[in-house]
Amino acid sequence: MVLTSLADLSDSQKQELVASLSAIVVGDAADEVSAEALTAVAEASGNSLSASYASLFSKVVGMAGGLDKFCATPGSGGGGGGGAAAAGGEEAAAEEEEEEEEEQEAPAVDMFGGDDAGGDY
């Protein structure tokens with residue numbers, strides 16, 4: 001679902017959005033996220049935030065130990081590994097080739113335990 005207007009949100013969805021954005025602002029600027037700080041940020045932005053949402057979000061952030069658990073840091077999304085180091089790159093390539101050769105040398109085994117002279121399975 002694409003959100004094109006805040007008018008499309010229900011009242012509780014607006015409260016959750018305001019509370020979460022306020023928590024990000026407060027958590028970035030202060031060590032502790034309090035309900036009063038969340039309410040102050042919400043009101044400064046021209047929004048209102050109920051005391052229950054402010055209390056809930058401040059407790060959740062506090063129990064998690066801050067916003068770090070909720071906000072991904074830049075570059076934390078996986079991605080490919082870096083290239084091999086210049087000094088050890090040739091050794092790593094040689095080891096990979098040896099492993100591939102070992103895998104190719106493994107004999108094929110009949111899954112029923114018989115040899116090729118067996119029956120029709």
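Predicted model: local features only at pLDDT ≥ 70, side-chain atom pairs only at ≥ 80, totals over all residues.
User: Hi! How do the residues lining the largest pocket divide into nonpolar, polar and charged?
Analyst: Residues are numbered from 1 along each chain as its sequence is written, and side-chain values use heavy atoms, with hydrogens and water left out. On a 1 Å grid over the protein atoms alone, a cavity is a set of points where a 1.4 Å probe fits but cannot get out, whereas a pocket is an open set with protein on both sides within 12 Å along at least five of seven lines, and lining residues have an atom within 4 Å of a point. With Ala, Val, Leu, Ile, Met, Phe, Trp, Tyr, Cys and Pro as nonpolar, Asp, Glu, Lys and Arg as charged, and the others, Gly among them, as polar, the lining of the largest pocket divides into 7 nonpolar, 5 polar and 2 charged.

User: Which helix gives the largest share of that lining?
Analyst: The largest pocket is lined by 14 residues, and Lys14, Leu17, Val18, Ser45 and Asn47 lie nearest its centre. Helices (H or I, at least four residues) and strands (E, at least two) are DSSP runs, numbered from the N terminus. The largest share of the lining, 8 residues, comes from helix H1 (residues 11-29).

User: What is the volume of the largest pocket?
Analyst: Grid points are joined across faces, edges and corners, and a volume is the space filled by probe spheres set on the points. Computed that way, the volume of the largest pocket is about 240 Å³.

User: Which elements give two or more residues to the lining of the second largest pocket?
Analyst: The second largest pocket holds about 180 Å³ of space. Its lining divides into 6 nonpolar, 4 polar and 4 charged residues. It is lined by 14 residues, with Gly27, Asp28, Ala30, Gly66 and Leu67 nearest its centre. The elements contributing two or more lining residues here are H1 and H3.

User: Which element of the protein has the highest mean pLDDT?
Analyst: The protein has 4 helices and 0 strands, and its mean pLDDT is 75, with 58% of residues reaching 70 or more. Among the elements, helix H4 (residues 89-104) has the lowest mean, 61, and the highest, 92, belongs to helix H2 (residues 35-44).

User: Are the planes of the aromatic pair stacked, edge-to-face or tilted?
Analyst: Rings of Phe, Tyr and Trp (its six-membered ring) pair if their centres lie within 6.5 Å; planes under 30 degrees apart count as stacked, over 60 as edge-to-face and the rest as tilted. This rule gives 1 aromatic pair. Its partners are Tyr53 and Phe57, with ring centres 6.4 Å apart and planes at 40°, so the pair is tilted.

User: Why are Tyr53 and Phe57 separated by about one helical turn?
Analyst: Tyr53 and Phe57 are both buried (under 20% relative accessible area; exposed is over 50% and partly exposed in between, with a 1.4 Å probe and protein chains only). They are about one helical turn apart because both sit in helix H3 (residues 51-64), at a separation of 4 residues.

User: Which residues does Ser58 contact, leaving aside its neighbours within four places in sequence?
Analyst: Ser58 lies in helix H3 and is buried, with a relative accessible area of 11%. Contact means heavy atoms within 4.5 Å. Beyond those sequence neighbours, Ser58 is in contact with Val33, Ser34, Ala35 and Leu38.

User: Is Ala51 buried or exposed?
Analyst: Ala51 is another residue found in helix H3, and its C-alpha is 9.4 Å from that of Leu38, 13 residues away in sequence. At 63% relative accessibility, Ala51 counts as exposed.

User: How far apart in space are Cys71 and Ile24, C-alpha to C-alpha?
Analyst: Cys71 is in the loop between H3 and H4, where it is partly exposed at 33% relative accessible area. Cys71 and Ile24 are 47 residues apart in sequence, and C-alpha to C-alpha their distance is 8.8 Å.

User: Which residues does Thr39 touch, not counting those up to four places away in sequence?
Analyst: Thr39 is found in helix H2, and its C-alpha atom is 8.2 Å from that of Ala19, 20 residues away along the chain. Setting aside those sequence neighbours, Thr39 touches Leu49 and Ala54.

Conventions:
pLDDT = per-residue confidence, 0-100.
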